[in-house]
Amino acid sequence: MKKIIKIVLVLFVTLTLGACGSSEEKDTNKHTKTEEKKDVYIVYRIDDETQTIRLQKVKNGKFSEYGISDATAYRDKYGEFTSEGNITEGSPVQIGTANQEGKLSYIQQSDQVWEQDNVGKFSIDEEKNMIVIGKTKYYYDDSLLVFLDGEQISLDTITGNDKLRVAGMDKKIISVNVTS
């Protein structure tokens, strides 16, 4: 009889502890799924002389300036290290925290945007704030940044002979680079 009671107690303790562990796993999974997405910025200017980067926040169009240093890590959209030359004016990025001197810990190509390279079949309707790529219609707003060779240009200087690199979120175009 004592053996049966011991077996029942062991089973009870085992099942109770097992249930506790599984609820912790569920809580951890919920936390992972609700992880906050980082803000997306467009690189407006990188100044190697003053070691600063000027960014435009996509959400509200406001500009911010941050310090960069040799300790600033440059990452691709998968979080792997990349050359700083892969992040240029017009690149959609996410940023790490700034240290006490205002220097960013990292600058990463955003994984929350889509990019199309070598776009040659497009049309621009400035009255409707619309760009058609292929047969798909996209919109833009006043915060759209357009670049040629690292310098900001106006949208109306783009011609039908240009090739573009376009970045967007959903149906909104957030930056255009004229590549040729």
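1. In this predicted model, strands β1 (residues 41-47) and β5 are paired antiparallel through two bridges. Within that pairing, Tyr41 has Val93 of β5 as its bridge partner.

2. Strand β5 also runs antiparallel to β6 (residues 106-109), to which three bridges join it. Here Gln94 is bridged to Gln108 of β6.

3. The side chains of β5 (residues 92-95) are divided between two directions: Val93 and Ile95 point one way, Pro92 and Gln94 the other, and all are buried. In a regular strand, side chains alternate between the two faces of the sheet.

4. The largest nonpolar core comprises 15 residues, and the members touching the most others are Ile133, Leu144, Leu155, Ile158, Leu164, Ile173 and Val176. Two or more residues come from each of β9 (130-133), β13 (164-169) and β14 (172-178); β14 contributes the most, namely three residues.

5. Leaving aside residues up to four places away in sequence, Leu164 touches Gln116, Asp117, Asn118, Val119, Phe122, Ile158, Val176, Asn177, Val178 and Thr179.

6. On confidence, the mean pLDDT of the protein is 85, with 79% of residues reaching 70 or more. Residues 15-35 lie below 50 and have zero contacts in the model beyond near neighbours in sequence. For residues 8-13, pLDDT likewise stays under 50, and the model shows zero contacts beyond four places in sequence.

Definitions and conventions
Residues are numbered from 1 along each chain as its sequence is written. This is a predicted model: local features need pLDDT of at least 70, side-chain atom pairs count only at pLDDT 80 or more; totals for chains, interfaces and linings use all residues. Side-chain values use heavy atoms; hydrogens and water are left out. A nonpolar core is a set of buried Ala, Val, Leu, Ile, Met, Phe, Trp, Tyr and Cys residues joined through side-chain atoms within 4.5 Å. Buried means under 20% relative accessible area, exposed over 50%, partly exposed in between (1.4 Å probe, protein chains only). Helices (H or I, at least four residues) and strands (E, at least two) are DSSP runs, numbered from the N terminus. Contact means heavy atoms within 4.5 Å. pLDDT is the predictor's confidence in each residue, from 0 to 100. Two strands pair if DSSP finds at least two bridges between them.
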